[in-house]
Amino acid sequence: ISAGGGLAAYKIHPEQQPVDIIGQRIFNIIFPRSLKHHVLLHPILGHEIGHAAWSVPSIQHDLVHKVLLPLFDKSQLNGTTPTVAWLKNTFGIDKTEQEIALPLSSWAQEFLCDLYGLVLMGPSFVAAHQSLLLAVDPTAQGYGNSHPPSACRFWMVREAARALSWDITSCAGNKEVENALKAFWGAIDGQLAKMPGWAAVFDKNQVITATQELSKILQALDGSSYTYPDPMLFDHLLEMLSDSVPPVGHTVDGNGMFTISSLDFRDVLFAGWLAWNNRDQVGIEVDFLDLNRLCDRAILQQQAVALWKDGRNPEEKQP
């Protein structure tokens, strides 16, 4: 992963052939240098990892047949002819089927990688996805040969998050966490409410099928799909953030005894977004960059916790 320039720097350059010295392929993911420490935006890198997965033939077969084909089934983009009609009806663009064949293929991969990023990175991907794409195109209606309108992508990602039951806002009566969850999804849905009706190009049931199948693929492959934790976890993390403390997995009781526990870095990122969207109620008095820094430090500290729990000397850990 390396830093480039500008918001449009997000991309991936896969080596087409294995590197002789290691016998493996290298995937170079690039992101904007100015956003190096904005970890709350880094979940978008899950989309780029999706492009890497797409380039692996053994994985691509399942991605096509179990995810893409079900996703596009019954959609308004299910084939060249329906896509040409949709473009004409939506934008008044009159293109031939030959002209739209290549963009449709590229669009399909972008939709797939959005789902991949979501399933891999969790709910924080939804916020990062919206924030970055709206920064590039505030209307969310622009499109090109390589990327479909952001409005369509937002709608699909939101439905996929709902399919995974990640938008549940109840938390055993814990009002602070419930309010934070409601504020987060309220902000997401607030942006979606501004999107045009034509953004809903996919059938909701097909989005559910595609998302669940992709989750199964990642779980069987390497167990990397995000697992939603007990929402009570966020009570602890939000309390730490309200005290301007990096949100890590440790607690101290009234007798001064402490407990160290493992914590998924993706939960830290989600906690950061929960705090930001509900900052007035939670008592967060830092700006967005400082909130990012707290989450950045938490992820680093959690890595130290993992090394300590494994009984290894950090100095002996290979980079």
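Student: At what angle do helix H7 and helix H10 pack?

Tutor: Helix H7 (residues 175-192) and helix H10 (residues 265-277) pack at an angle of about 85°, and their axes are 8 Å apart. Axes are lines fitted to C-alpha atoms, for helices over the stretch in contact, and angles run from 0 to 180 degrees between N-to-C directions. H7 is therefore roughly perpendicular to H10; angles of 65 to 115 degrees count as roughly perpendicular, under 35 as roughly parallel, over 145 as roughly antiparallel, and the rest as oblique.

Student: What should I know about the model and the numbering?

Tutor: This is a predicted model, in which local features need pLDDT of at least 70 and side-chain atom pairs count only at pLDDT 80 or more, while totals for chains, interfaces and linings use all residues. Residues are numbered from 1 along each chain as its sequence is written, and side-chain values use heavy atoms, with hydrogens and water left out. Helices (H or I, at least four residues) and strands (E, at least two) are DSSP runs, numbered from the N terminus.

Student: Which residues of H7 and H10 meet?

Tutor: From H7, Ala 180, Leu 181, Ala 183, Phe 184 and Ala 187 meet Phe 270, Trp 273, Leu 274 and Asn 277 of H10. Contact means heavy atoms within 4.5 Å. The contact of H7 with H10 has eight nonpolar residues, one polar and no charged. Here Ala, Val, Leu, Ile, Met, Phe, Trp, Tyr, Cys and Pro count as nonpolar, Asp, Glu, Lys and Arg as charged, and the others, Gly among them, as polar.

Student: Turning to pockets, how much space lies in the largest pocket?

Tutor: The largest pocket holds about 630 Å³ of space. On a 1 Å grid over the protein atoms alone, a pocket is an open set of points with protein on both sides within 12 Å along at least five of seven lines, a cavity is a set where a 1.4 Å probe fits but cannot get out, and lining residues have an atom within 4 Å of a point. Grid points are joined across faces, edges and corners, and a volume is the space filled by probe spheres set on the points.

Student: Which residues lie nearest the centre of the largest pocket?

Tutor: Of its 30 lining residues, Tyr 10, Glu 110, Leu 133, His 147 and Arg 153 lie nearest the centre. By class, the lining of the largest pocket has 13 nonpolar, 11 polar and six charged residues.

Student: What lines the second largest pocket?

Tutor: The second largest pocket, with about 230 Å³ of space, is lined by Ile 1, Val 39, His 42, Leu 45, Ile 49, Met 121, Phe 265, Leu 269 and Ile 299. Its lining divides into eight nonpolar, one polar and no charged residues.

Student: Is Asn 292 buried or exposed?

Tutor: Asn 292 has a relative accessible area of 0%, so it is buried; buried means under 20%, exposed over 50% and partly exposed in between (1.4 Å probe, protein chains only). Asn 292 lies in helix H12 (residues 288-309). Beyond residues up to four places away in sequence, Asn 292 touches His 37, His 38, Val 39, Leu 40 and Leu 41.

Student: Where does Ala 199 lie?

Tutor: Ala 199 is in the loop between H7 and helix H8 (204-221). Ala 199 is buried, with a relative accessible area of 2%. Neighbours within four places in sequence aside, Ala 199 is in contact with Ala 151, Cys 152 and Trp 155.
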